[in-house]
Amino acid sequence: MAHVLRETKIIVWDECTTAHKKGIETLNRILQDIRGSNRLMGGFTVLLAGDFRQTLPVVPQGTGSDEIKAGLKSSILWPHIKVISLKVNMRISLQNDLSAKVFSNY
């Protein structure tokens with residue numbers, strides 16, 4: 001598996017906003033170890049995709065505060081992450097879906 005990761009060009013983690021920060025921090029340490037590099041994610045390109053307005057990480061028997069602390073924004077990696085936001089709703093732009101536009105505006 002390490003050989004496969006060494007040859008990988010990009011890693012995409014969808015719905016990363018629902019993952020516990022320790023999972024992403026662990027991925028960082030594993031990739032650094034595989035590459036022998038102290039760079040963020042071992043120098044790999046990692047695309048973390050998700051929507052912070054959706055579900056937070058689940059912390060069994062945890063409080064709301066525990067869930068916030070478990071999120072990616074509370075990670076030591078967060079200051080090093082470049083955030084790129086999508087501005088154009090492609091479903092509306094390409095399909096002229098009026099019901100999608102009404103829902104999007106809502």
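Where is the place of A100? A100 sits in helix α5; helices (H or I, at least four residues) and strands (E, at least two) are DSSP runs, numbered from the N terminus.

## Basis of the model

This is a predicted model, in which local features need pLDDT of at least 70 and side-chain atom pairs count only at pLDDT 80 or more, while totals for chains, interfaces and linings use all residues. Residues are numbered from 1 along each chain as its sequence is written, and side-chain values use heavy atoms, with hydrogens and water left out.

## Annotated region

An unreviewed UniProt entry carries the annotation "domain: DNA helicase Pif1-like DEAD-box helicase" for residues 2-95. UniProt positions are given in the numbering used here, feature names are shortened, and annotations may be inferred rather than shown by experiment. Over residues 2-95 the chain is 36% helix and 11% strand. The end C-alpha atoms of residues 2-95 are 42 Å apart.

## The largest pocket

A pocket is found on a 1 Å grid over the protein atoms alone: it is an open set of points where a 1.4 Å probe fits, with protein on both sides within 12 Å along at least five of seven lines, whereas a cavity is a set from which the probe cannot get out. Lining residues have an atom within 4 Å of a point. Grid points are joined across faces, edges and corners, and a volume is the space filled by probe spheres set on the points.

The largest pocket holds about 980 Å³ of space. It has 26 lining residues, and those closest to its centre are L48, A49, G50, V83 and I84. Strand β2 (residues 45-49) gives the most to this lining, with 5 residues. By class, the lining of the largest pocket is made up of 15 nonpolar, 6 polar and 5 charged residues. In this scheme Ala, Val, Leu, Ile, Met, Phe, Trp, Tyr, Cys and Pro count as nonpolar, Asp, Glu, Lys and Arg as charged, and the others, Gly among them, as polar.

## The second largest pocket and A100

The second largest pocket has a volume of about 170 Å³. N89, R91, A100, F103 and S104 line the second largest pocket, and by class they are 2 nonpolar, 2 polar and 1 charged. Helix α5 (residues 98-105) gives the most to this lining, with 3 residues.

A100 counts as buried because its relative accessibility is 13%; buried means under 20% relative accessible area, exposed over 50%, and partly exposed in between (1.4 Å probe, protein chains only). Not counting residues up to four places away in sequence, A100 touches R91 and I92, where contact means heavy atoms within 4.5 Å. The C-alpha atoms of A100 and R29 are 71 residues apart along the chain and separated by 41 Å.

## The nonpolar core and C16

In soluble globular proteins, nonpolar side chains tend to be buried together. A nonpolar core is a set of buried Ala, Val, Leu, Ile, Met, Phe, Trp, Tyr and Cys residues joined through side-chain atoms within 4.5 Å. The largest such core has 11 residues: L5, I11, C16, I24, L27, L31, I34, M41, F44, L72 and L77. Helix α2 (residues 21-35) gives the most to this core, with 4 residues.

C16, one of the core residues, lies in the loop between β1 and α2. C16 is buried because its relative accessible area is 2%. Leaving aside neighbours within four places in sequence, C16 is in contact with I24, L48, A49 and L72. The C-alpha atoms of C16 and P57, 41 residues apart along the chain, are separated by 9.1 Å.

## A70 in helix α3

A70 belongs to helix α3 (residues 64-70). A70 is buried, with a relative accessible area of 2%. Apart from neighbours within four places in sequence, A70 is in contact with A19, H20, K21, P57 and V59. Between the C-alpha atoms of A70 and A100, 30 residues apart along the chain, the separation is 33 Å.

## Loop residues with positive phi

E15 is found in the loop between β1 (10-14) and α2. Phi of E15 is near 55 degrees, a positive value in a residue other than glycine. E15 is partly exposed, with a relative accessible area of 35%.

Q61 lies in the loop between β2 and α3. Phi of Q61 is near 60 degrees, again positive in a residue other than glycine. Q61 counts as exposed because its relative accessibility is 85%.
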